[in-house]
Amino acid sequence: MSQLSHQFIIFADAMEKIRFDVVGLYHWDVRDHWKEYAAGAVGKVMTMQPQPDNVKDPYAVRVREGRLHVGYVAVPDLDVVYQALKGSSLERLKGFVMESNPEPPVLTVECDVEQIDWDYEPFDDRPYASWHYDGLPLIPRKLEQLGDLTTDLIDELEDTDTDIENVISLTESLLLEHLYDTSREMTRARYRIERLLSMRKEPACTELATRMRQQKGMLMRHENRDQVARYLFVELPRQLLQKGLESSHYTYDNRLDELEQQLRAFPFQLYDKFLTDPVDFLREVYYHHVPRRYLNQLLSGIVLMILKRRVKIQRWGREGDTEPIEQIENGYMANTKAHPKLSSEKASVYWKRLEEAGFVDKAHRLLPSTTRIQAAYIAEMFAEELNIREKWKAFEEWWGIKNLAQEKYHSLETGHTPSREDDINEIFKS
């Protein structure tokens, strides 16, 4: 064997391989035939070029075949691409398409690199260094549980003696829920979990890794962002109102202007982008790789401003849906439009009396001290006075309570009457 050949073999053995995914084929030069392109993409040579001037994402890495713009490196895979560029002192990478998923379109590219700097941090957090928010934390338990789920799953995958059934269960839960966390930490966890799954020998893990890979092409689809926006900015504030949380924020009323100024100072004008379009705001968060710590503070501030009815949203999503905007800006009173009698002049008298008596708040939500049996009795009195036929459904939807009818029947069977029954009767006297 020649000395040159020997040196080449040593060099080839020293190379490291990285794999990452390419998404967004339906947006760029192959958009008119992306299915056919994806189907025949295996073996094609791709060039990966960082794009620091990209307005949406200065960390974006453009992927091209020759001069054909194919798509972008998936956001969860940006870390390893930049770590490979840094470790190998390269300005761009070249690799081959090894796998292709036609729908959603995801291409898996493999590159040989000399070295990977696993400690390199590609994202600059200096814009956040001087930002602060000192309002009340209002992050839903759902997001806390999602963080715990991610940690537990990684621990299970790194344990060679782990119970495979538990891995499958945790991964299935993550696939359903991870869209709700658009933070940088979740983005990185997606890549790590997919890699760990693909390293396992069990067929079930291979299938789950494939599903994780396929979801990269769907993370920022409009319908997914709309789903998350409705939860964070419509359902979550509604839940907090039902718990009476708005009334516990009275100490913030004299600081709302100050807190809103803090939100407006968030880097990249993300609070203003929320006011422009909450659905598109989530894409901006994702492409700016916002750390969870700062994102949670921003979301808490937004929810507080919603509870205090301080937001004026310009547009909701691509189709310009008006229902979520109405619910947010009307303090979630839009539900009463489905039951006109509950917003009638006569009903207003009863609502005012109930508020003064301490049964409901200004938004006509039950206070925490109001019991289920009292709620059922109030609903029945409303129905009798206003001639509402579907009395239970109307109030179950409005108050977020189930089985009010059963509560009423149970009280009849047991002979229990609501406390302050006389007060409620007095409220509904004409």
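**Strands and charges**

Analyst: Strand 5 and strand 6 form a hairpin, with 2 residues between them. Strands here are DSSP runs (E, at least two residues), helices are H or I runs of at least four, and both are numbered from the N terminus. This is a predicted model, where local features need pLDDT of at least 70 and side-chain atom pairs count only at pLDDT 80 or more, while totals for chains, interfaces and linings use all residues. Residues are numbered from 1 along each chain as its sequence is written, and side-chain values use heavy atoms, with hydrogens and water left out.

User: How many bridges join strand 5 to strand 6, and how do they run?

Analyst: There are 6 bridges, and the two strands run antiparallel, with strand 6 covering residues 105–113. Pro102 has Pro105 in strand 6 as its bridge partner. Two strands count as paired if DSSP finds at least two bridges between them.

User: Which strand does strand 2 pair with?

Analyst: Strand 2 (residues 45–50) is joined to strand 5 (residues 93–102) by 4 bridges, again antiparallel. In that pairing, Thr47 sits opposite Lys94 of strand 5.

User: Zooming out, what does the secondary structure of the chain come to?

Analyst: The protein chain has 18 helices and 6 strands. Its C-alpha atoms fill a box of roughly 105 × 45 × 40 Å along the principal axes. Of its 430 residues, 50% count as buried. Buried means under 20% relative accessible area, exposed is over 50%, and partly exposed is in between (1.4 Å probe, protein chains only).

User: Switching to charges: how many salt bridges are there?

Analyst: The count is 40, taking a salt bridge as a side-chain nitrogen of Lys or Arg within 4 Å of a carboxyl oxygen of Asp or Glu.

User: What does Arg213 form a salt bridge with?

Analyst: Glu99, with the closest N and O atoms 3.4 Å apart. Arg213 is in helix 7 (residues 203–215) and Glu99 is in strand 5, so the pair ties together parts 114 residues apart in sequence. Arg213 is buried at 13% relative accessible area, whereas Glu99 is partly exposed at 33%.

User: Which residues are linked with those two in a network?

Analyst: Arg213 and Glu99 belong to a salt-bridge network that also has Lys17, Arg19, Asp21, Asp77, Glu110, Asp112, Glu194 and Lys216.

User: And what about Asp181, buried or exposed?

Analyst: Asp181 is buried, with 6% relative accessible area. Its side chain meets that of Arg292 in a salt bridge at 2.7 Å, N to O. That pair links distant parts of the chain, 111 residues apart: Asp181 is in the loop between helix 5 (164–177) and helix 6 (184–199), and Arg292 is in helix 12 (residues 292–307). Arg292 is partly exposed at 26%.

User: What about Arg126, exposed or buried?

Analyst: Arg126 is exposed, at 66% relative accessible area. It meets Asp124 in a salt bridge (2.8 Å, N to O), and Asp124 is partly exposed at 32%.

User: Last one: where is Asp155?

Analyst: In helix 4 (residues 141–158), and at 45% relative accessibility Asp155 is partly exposed.
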